[in-house]
Amino acid sequence: MSNFDSVATVKKGTYWQPFTANRLLQANSPPRTLVAAKGAYYENVEGQKLFDTLSGLWCTPLGHAHPLIAEAVKKQVDTLDFAPSFQMTHNNALSLAQRIADMAPEGMNHVFFANSGSESVDTALKVALGYHRIKGAGNRFRMIGRERGYHGVGFGGMSVGGILSNRKMFAPCMMPGVDHLRHTYAPEHMAFTRGQPTWGADYAEDLERLVALHDASTIAAVIVEPVQGSTGVIVPPLGYLQRLREICTKHGILLIFDEVISGFGRMGAPFAAQRFGVTPDIITFAKAVTNGIVPMGGVIVTDEIYKTFMTGPQNAIEFCHGYTYSGHPLAAAVGHVVLDVMESEGLFERVAALEPVLEDAAHSLADVPQVADIRNIGLTAAIELKPAQEGVGVRGLAVFEEALKQGQLLRVTGDIISFGPPFIATENELKNMMQTVRKVIETVG
Ligand SMILES: Cc1ncc(COP(=O)(O)O)c(C=O)c1O
């Protein structure tokens, strides 16, 4: 059997897919098999083009089949296809770390590579624990996440995450000492807000409640997505992140921004930290850093954190953590091309220019009777549908399937449609995307 041509002989279920209703997918109606991708479009097995409304899974902002990326991958395979990052190094990873540090907020000059968002989050949590321990505050072990947060699927990320369906099956194995802030979504005060809600900054005071409950001397870090992505684009209220920063600083708690979605331009700035004017102690990144082509993730830390680790005998390993593929040469090569293209094509500025176009297009659906809320920030948006009488998620699934028929690959979770189109999308494509969604909702009813 050749590896590409003999799908017909593959038994149903051999390939057990992640975050998927496997039996429904296997029923394959409408067709769910993708065969090619170019620019902002996928092509399915029937030759139908599908607009990529979420940039893959928030990870391909430059679009697919970018010629410079293809060229860089080929060249790198021929030059240095793998290099160990334990006790050895190579130029691509060194210089990519420098470039990432240069685009990070001031004072965040140190980059540790991982291979996914989940690994980046677990790395960040370990950095926070290690930092306090080296400082003689090993009793700071608690991690504070946030309801509705998504931080990947490692045991650490799952524990600080706040999405019920990702947690309940694994309840006995949550990391000890984790608590959660309230999420900031209050539709009665903020439904149909364009950009940041002006109501809700006080949700940050919830951290004081947890400090009063656990004592700051037991809390290592707070981890939040500046914009909650996977749960359906929940935008931080004006002033909320600033207040969270102040409370963390006051109590010596590290603030981690999980920028796996918001990093590398999606907010119209290198990181959401700059967009919102709040500097955390640790930033996690992944996805767009390599345009999703070769997996890569990582964390950026402050000079203070790095300096704290760089103590003890010079021949000692300072942080017993890392991955076989940390700083992989192929990923690092692609990372350079991504930054080259983002710079040469002015893509952060382009995102900033497209933001009002996406905002207007999304909010033009406010009159659709099935729509409960519309949210947006940067090049992200969400349309939340009212659940159908048959139950939560039924309308969402019908919309997803009808959209496939109408040439759009949507990201639907429950009854929320999330949008994170490629930065290379045109204004017309963004408008058409939302007009098609209107038609799809009208067709589904
Ligand atoms: C904020 C955030 N953190 C972590 C992750 C996990 O990333 P990965 O799926 O690469 O492990 C995601 C994935 O969507 C994410 O959105």
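This is a predicted model: local features need pLDDT of at least 70, side-chain atom pairs count only at pLDDT 80 or more; totals for chains, interfaces and linings use all residues.
Strand E7 (residues 219-224) is mostly covered, with 6 of its 6 residues buried. Strand E7 pairs in the parallel sense with strand E5 (residues 142-146) over 3 bridges, and Val-222 in E7 is the bridge partner of Ile-144. Strand E7 also pairs with strand E8 (residues 254-258), again in the parallel sense, over 4 bridges. Here Val-224 stands opposite Phe-257 in E8.

The domain assignment divides the chain into domain 1, made of 7-60 and 346-444, and domain 2, made of 70-344. Between the C-alpha centres of the two domains the separation is 26 Å. The contact between them takes 28 residues from domain 1 and 26 residues from domain 2. On the side of domain 1 that touches domain 2, at least two residues each are supplied by helix H2 (55-58), helix H14 (347-363) and strands E11 (371-377), E12 (380-385) and E15 (416-419). The largest share of that side, 7 residues, comes from H14. By class, the side of domain 1 that touches domain 2 has 14 nonpolar, 9 polar and 5 charged residues.

Strands E11, E12 and E15, which contribute to this contact, also belong to an open sheet of 4 strands with antiparallel pairing, in the order E11-E12-E15-E14. Strand E11 and strand E14 (411-413) stand at the edges and have a single partner strand each, so one side of each is left without a neighbour in the sheet. From one strand to the next, the twist averages 20 degrees. Within the sheet, E12 and E15 pair in the antiparallel sense over 4 bridges, and Ala-382 stands opposite Ser-418 in E15. Helix H15, formed by residues 394-405, lies across E12, E14 and E15 and runs at about 165 degrees to E14.

Terms used:
Residues are numbered from 1 along each chain as its sequence is written. Domain bounds come from an automatic or database domain assignment. Two residues are in contact if their C-beta atoms, placed from the backbone, lie within 7 Å. Ala, Val, Leu, Ile, Met, Phe, Trp, Tyr, Cys and Pro count as nonpolar, Asp, Glu, Lys and Arg as charged, and the others, Gly among them, as polar. Two strands pair if DSSP finds at least two bridges between them. Axes are lines fitted to C-alpha atoms, for helices over the stretch in contact, and angles run from 0 to 180 degrees between N-to-C directions. A residue is buried if 20 or more other C-beta atoms lie within 10 Å of its own, exposed if 12 or fewer, and partly exposed in between; C-beta atoms are placed from the backbone.
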